[in-house]
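Subject: Two-chain model, handover and findings

Hello,

Here is the structure we talked about. Please look it over before reading my notes below.

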Amino acid sequence: MVPRKQEPEMRSKRPRPREKTIMIEERYTTDLPTAVGPSSSEPKQLSWSRLDHLCSITKLLVNFESADDTLSAVLAMVSNTLPLRSTVLIDEIDDQAQVSVWKAPGVSEEALQTARNHAATAYAYLAGSRSISGKNAHFAREKLVDFRLEKTSRGGENFIVIPLVVNRSVYGVLQLECTTVFNESDLAFVNAIANQFAIALDRHKAKHRELDARVEAEAAERRMAFLAESRRLLASTLDYQAAWTNMGQLVISRIADICIIDIMESDRWSADRICVLSPAAKELVTAREAASALANTMSTVLKTGASCVYPDPVALSLKSNAARAGVQESAASADFIKSYACVPLLFEGMTIGSLTVARTRSVTIYGDVDLSILHDLGICLVMSFNRARLYRTAVEAIRNRDGLLGIVAHDLRAPLTVIMGFTNVFLTNGRPGERLSCDPEHIGAIHRAATQMNRLIEDLLSTASIEAKHVLIERHLNAVGPLINEALERMRPLTSASKIELRSELLDYISPILVDRERIMQVFTNLIDNAIKFSPRASVITVKVEQSGNEVQFSVEDSGPGIAEDQLPHIFDRFWQVPGTGKKGTGLGLFIVKGIVEAHGGRVWAEKNVGVGTTFRFTVPAGKSDINPFTLGE
Amino acid sequence: MTDREASTTPPNDYHRPLEDRRILIVEDDSDTLQMLKFVLEQNGADVVATDTVKAALEQFERQRPDVILADIAMPDLNGYALIAEVRRIDAERGGHTKAIAVTAFSTERDRQLAESSGFKGYITKPFDPRVLVETVVQLIQ
């Protein structure tokens, strides 16, 4: 056999006359093998020789391994009895027709092109007419294409086109070109070979389909095992960062050299990144370099929510053409990345992060199967992240509750001490039968202690109803002056020890406000109580009120140490405490203030005073005197 | 004032276990401070009442009390800060003066913390005034 001359792969689009377009790939053109086997010099021995060849060819086809190799051997035998000039094999697999061409020495490229065209046209015609049967296998060339061959030195040329048919369906053609005209005997011989070849080829394909299916099934099994292992890793701990690092290691060991998991923590406005590198990748880059090389890809995926893969499979199919045309293919963002795939991490329809894998070795590139594995992994990742987040929230809630319980216990004990202390003295000091008389100041202390305890309980209940968004507001028209005066009177006893002065300033005539009196009183007492806690001795706390449009604005101004700018956005959060001053209460006071004010349709905020101290302001809608308060009070 | 003394102070034949003892109290809650003062005075003590650690330290130097009663949770400086300051003072000037923590923190850890900080006694709020007096008496005997 003559060694084949391999040509580069080439693809071109060739329209088929009817239903579909098939891609025709010409694999190679080979010189026709020189004749082997029994000599065919004697014409009378031709039939016997052909029978002999058929027998050898049948044996060859039994051990069919590759269409091209087998056909080369077959052609070597055929050329003993037929003066072959060229042979074209078109073999279609999944809409992809592969063309192999053999040629005799000295055949011009033009003649060869004619043979190619002839075969392709014949195939298009045959494949288009699905009802074709083996009987119509021989076509007169004039019917198919109008071609004129220059006479070669060896005389005229003649084509025979045999469809490769299995189950009445044409999947290819075998075209032989001879320098002589085919006679009946030639036709029968060639037909016999082609039929055997077609059957062998089909059997071969079936075997490969089965093999492919098995390979695919095994890959699917491995993929399931991989996903199962990932799920097990992710479920093994509530610390999602540790679980993700373990999973990154697993990914590295199976499908990547670099694995990067990015996730946005919505409550922290920051991204968590886990980057795992294989030992091979570590020799090339650091985790930081790997992440920065892929940063653009990851941010695009984060923005668009669509996965992406490099090299692009569509671009890849054009790559060889581009390479041949000398077009420089656009490189990945860094040399060391040969292929990558990146999928978004989705939670409740939002893209909350990305999962990226990359290879630093160009052994295999990522494709659809990898993307689908990554999507499945992504779902597992998000589930583990969400589970960790729920757990963290639950732990935080429990810690807050425990903290609150401790504070409540502490804050109830202080007034109880006063009550129990004084009452014990009264109960144990008197002689039997003696009527006890009490110091009014002690009674006042007991009353204040009880009031303090009651306020704490009300705070707890208010918090519960604000949390449940169930603040019951019974609106009535209230004059502003008496409201403020009562609030100040209620709080005045708390200032006796610290000599703090409580003042009020009513700037203008203020409309009555349509509010729940007790609730607004709670707002005032909480704000004033806060101010008292943080004000120096003998300082002044001023409550002001002014009207602007349909709103009435109240302010409570103190001369305490003030609140740091960075704390201002958090002061109305539940359990917020002034940092660094030790716990001075439940941390619920301002949360309640906000809840009540907002339930009235107002706003509340705090400002740092120019000099010293803090001013808390809140608004409530001004009431109109013609409103019937009872209908709105519902 | 005389009326009140007559009504709330036990007659002279009552046992007054803290007679001639000077006790320094620091407590930020004015009503609790008033109650502590009342109970201890009733039992004969000479009470120096303060509501901040700073004031307490000033009075300590001046009054040289036999016992200190201190709240733990107070704004600015707390009871631990007070006892640390007192222990820094020379023994001749009262650095070893016995001290009792009076606090609403009631866990075993709080108690250990108080004892390791230098408090010799520990009373949790709320308390029976008799227990308070007994604790002080035991400490100064």
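Two strands count as paired if DSSP finds at least two bridges between them. Helices (H or I, at least four residues) and strands (E, at least two) are DSSP runs, numbered from the N terminus.

This is a predicted model: local features need pLDDT of at least 70, side-chain atom pairs count only at pLDDT 80 or more, and totals for chains, interfaces and linings use all residues. Residues are numbered from 1 along each chain as its sequence is written, and chains are lettered from A and ligands numbered from 1 in the order in which they are written.

**Strands in chain A**

Strand β16 (residues 551-557) of chain A pairs with strand β18 (residues 614-621) of chain A. The sense is antiparallel, over seven bridges. A:V552 sits opposite A:V620 of β18(A). Strand β17 (residues 604-608) of chain A also runs antiparallel to β18(A), joined by five bridges. There A:K608 has A:T614 as its bridge partner. The hairpin of β17(A) and β18(A) has five residues between the strands. In that hairpin, A:G613 takes a positive phi near 90°.

**The sheet in chain B**

Five strands of chain B make an open, parallel sheet in the order β2-β1-β3-β4-β5. Its edge strands are β2 (46-50) and β5 (121-124) of chain B, each pairing on one side only. Neighbouring strands are turned by 20° against each other on average, direction ignored. Axes here are lines fitted to C-alpha atoms, for helices over the stretch in contact, and angles run from 0 to 180 degrees between N-to-C directions. Strand β1 (residues 22-26) and strand β3 (residues 67-71) of chain B share four bridges. B:L24 has B:I68 as its bridge partner in β3(B). Helix α3 (residues 53-63) of chain B lies across β1 and β2 of chain B, at about 165° to β1(B).

**Where the chains meet**

Residues are in contact if their C-beta atoms, placed from the backbone, lie within 7 Å. The contact takes 22 residues from chain A and 24 residues from chain B. On the chain A side, α12 (368-429) and α13 (440-467) each give two or more residues. α12(A) gives the most, with 12 residues.

**Cores**

A nonpolar core is a set of buried Ala, Val, Leu, Ile, Met, Phe, Trp, Tyr and Cys residues joined through C-beta atoms within 7 Å. Buried means 20 or more other C-beta atoms within 10 Å of a residue's own, exposed means 12 or fewer, and partly exposed is in between; C-beta atoms are placed from the backbone. The largest core has 51 residues, and A:V74 and A:F197 are among those with the most contacts inside it. Its largest share, 10 residues, comes from α3(A). A second, separate core of 45 residues includes A:A414, B:L24, B:A49 and B:L69.

**Backbone points to check**

Most residues other than glycine have a negative phi, and most peptide bonds are trans. These are exceptions to look at:

- A:Y310 and A:P311 are joined by a cis peptide bond, with omega about 0°. A:P311 is in the loop between β9 (308-310) and α10 (313-317) of chain A.
- The bond from B:K125 to B:P126 is cis too, with omega near -10°.
- A:A538 is not a glycine, yet has a positive phi of about 60°. A:A538 is exposed, with 10 other C-beta atoms within 10 Å.
- B:D20 has a positive phi of about 65° and is not a glycine either. B:D20 counts as exposed, with 9 C-beta neighbours inside 10 Å.

Best wishes

Methods
Two residues are in contact if their C-beta atoms, placed from the backbone, lie within 7 Å.
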